[in-house]
Amino acid sequence: MKNLMPFLLALVLISCQKEEFSPLRTSEFTIHASSNGADYPIKVALPEGYDPDHQQYATIYVLDGDENFDFVATQCESISHDLATDGVLVVSIGYGNDRAVDYTPSTAEQGGGMAAEFIQFIHDDLIPRIESEFAADTTRESRVILGHSFGGLLGAYAFTSFNHVFGNYLMLSPSLWYDNEIILIQEQDHRDEIKANHQLVYLGLGELEKSGRMLVPFQAFYQQLEENYPGIALERQLQPHLDHQGSKQPNIIDGLHFYFQNR
């Protein structure tokens with residue numbers, strides 16, 4: 001047993017290390033937003049075998065990028081390899097403003113309501129740079145937005161009000177309760193304009209979130225999409241025995257699997 005201790009200690013240390021995507025295939029820059037005046041740190045993970053001369057790649061835009069980029073990029077590489085399908089560009093959007101300002105669609109007690117300006121920044125400044133400097137496919141159907149909590153709320157807002165920007169939405173524990181469930185109203189207001197578009201939507205939640213304010217609007221939003229969007233690929237997942245934070249990474253994994261299998 002004594003001889004096993006160094007080995008076991010090494011395993012513990014390895015398991016505690018943060019998973020990081022290879023810096024050799026990561027580009028970093030800062031970009032100024034013309035819509036709100038903020039500066040956003042950006043990271044771009046290139047897929048294995050990146051070949052800009054002969055291939056264009058789908059792009060996954062990751063909100064709360066400071067927290068989620070490495071995990072999402074690593075999972076994308078693993079899943080695309082396991083499924084023997086093309087890899088993707090993973091774009092991390094860091095913080096330029098407080099997330100409660102950038103990710104909320106209306107001014108309320110909990111947020112600053114500048115989501116429109118933030119998505120305008122993505123559309124006007126970030127996407128053109130990604131699609132000019134990297135081998136990114138330029139079609140709506142090739143773009144994915146992934147967000148958790150207020151980031152998931154931002155994804156839902158992009159779906160309802162900026163549907164021309166993204167064709168794929170991975171919404172993890174989305175805060176659809178925000179401002180008296182305003183997203184459910186906005187979906188109805190924009191439904192006739194966007195329901196004929198092809199959509200891929202993954203909605204993930206933690207099972208332990210059902211006792212609070214998360215589950216009811218989550219289920220209502222899912223039902224609105226299921227009943228009114230004939231061209232949708234739609235998945236709903238409640239991660240068993242997990243809460244708001246604990247369910248994030250399992251839902252990232254399941255959401256990415258759903259995307260790669262149905263894109």
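Predicted model: local features only at pLDDT ≥ 70, side-chain atom pairs only at ≥ 80, totals over all residues.
Visitor: In which order do the strands of the open sheet lie, and how is the pairing described?

Guide: The open sheet has 8 strands in the order β1-β2-β4-β3-β5-β6-β7-β8, and the pairing is mixed. Strands β1 (26-32) and β8 (232-239) stand at the edges with a single partner strand each, so one side of each has no neighbour in the sheet. From one strand to the next, the twist averages 15°.

Visitor: Where in this sheet can I read an antiparallel pairing?

Guide: Take β1 and strand β2 (residues 39-45), which run antiparallel and are joined by 7 bridges; within that pairing, Thr30 has Pro41 of β2 as its bridge partner. These two strands form a hairpin with 6 residues between them, and in its turn Gly37 has a positive phi of about 80°. Strand β2 also runs antiparallel to strand β4 (residues 89-93), here over 4 bridges, with Lys43 standing opposite Ser92 in β4.

Visitor: And which strands pair in the parallel sense over 8 bridges?

Guide: Those are strand β7 (residues 199-206) and β8, where Leu205 has Leu238 in β8 as its bridge partner. Helix α7 (residues 215-228) packs on the sheet, touching β6 (168-172), β7 and β8, and its direction makes about 160° with that of β8.

Visitor: What describes two packed helices?

Guide: In general, one gives the angle between the two axes together with the distance between those axes. Here, helix α4 (residues 115-133) and helix α5 (residues 150-161) pack at about 75°, with axes 11 Å apart, which makes α4 roughly perpendicular to α5. The residues that meet are Ala115, Ala116, Phe118 and Ile119 from α4, and Leu154, Tyr157 and Ala158 from α5; by class, this contact has 7 nonpolar residues, with no polar and no charged ones.

Visitor: Are Tyr40 and Phe121 buried or exposed?

Guide: Both Tyr40 and Phe121 are buried.

Visitor: Which residues form one aromatic cluster?

Guide: One aromatic cluster is formed by Tyr61, Phe159, Phe166, Tyr169, Phe221 and Tyr229.

Terms used:
Residues numbered from 1 in each chain as written. Heavy atoms only, no water. Pairing = 2+ DSSP bridges. Axes fitted to C-alpha atoms, helices over the stretch in contact; angles between N-to-C directions. Contact = heavy atoms within 4.5 Å. Parallel < 35°, antiparallel > 145°, perpendicular 65-115°, else oblique. Nonpolar A, V, L, I, M, F, W, Y, C, P; charged D, E, K, R; others polar. Buried < 20%, exposed > 50% of the residue type's maximum accessible area, 1.4 Å probe, protein only. Phe/Tyr/Trp six-rings, centres within 6.5 Å; stacked < 30°, edge-to-face > 60°.
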